[in-house]
Amino acid sequence: GGLGGLLGSACFGTGFLVTFSSVPHVWEMVVMSLAIGLFAQFGDFFESLIKRVSGKKDSSQLMPGHGGFLDRLDGVYFGSAVLYLFTVLLDYSRYF
């Protein structure tokens, strides 16, 4: 599942960026999409570790049975940080 998620994020992210922006280097988009997918999985593992250490099944009661509110956004937190780093460090702000 994890490898399929990485492959899916690389294909979808690269396809989306190539279709809707004027990015000159496709391989940089592949690397960025893979990095975002990988760190999104790290975010999921990290949030699961926090819940395991604290002995909680859900991080909140907003979405019972789904792991809670943080379980829906854990990958977004880590993935958006990677997107921000790529945007700032490689000066991609002109493409978004």
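Select phenylalanine 16 and phenylalanine 20, which both lie in helix α1, four residues apart, or about one turn of the helix; helices here are DSSP runs of H or I with at least four residues, numbered from the N terminus. This is a predicted model, in which local features need pLDDT of at least 70, side-chain atom pairs count only at pLDDT 80 or more, and totals for chains, interfaces and linings use all residues. Residues are numbered from 1 along each chain as its sequence is written, and side-chain values use heavy atoms, with hydrogens and water left out.

Colour the two residues by accessibility: phenylalanine 16 is partly exposed at a relative accessible area of 44%, whereas phenylalanine 20, at 63%, is exposed (buried means under 20%, exposed over 50%, partly exposed in between, with a 1.4 Å probe and protein chains only).

Now display the rings of phenylalanine 16 and phenylalanine 20, an aromatic pair that is tilted, with 4.9 Å from centre to centre and 50° between the planes; rings of Phe, Tyr and Trp (its six-membered ring) pair if their centres lie within 6.5 Å, and planes under 30 degrees apart count as stacked, over 60 as edge-to-face and the rest as tilted.

Note on methods: Helices (H or I, at least four residues) and strands (E, at least two) are DSSP runs, numbered from the N terminus.
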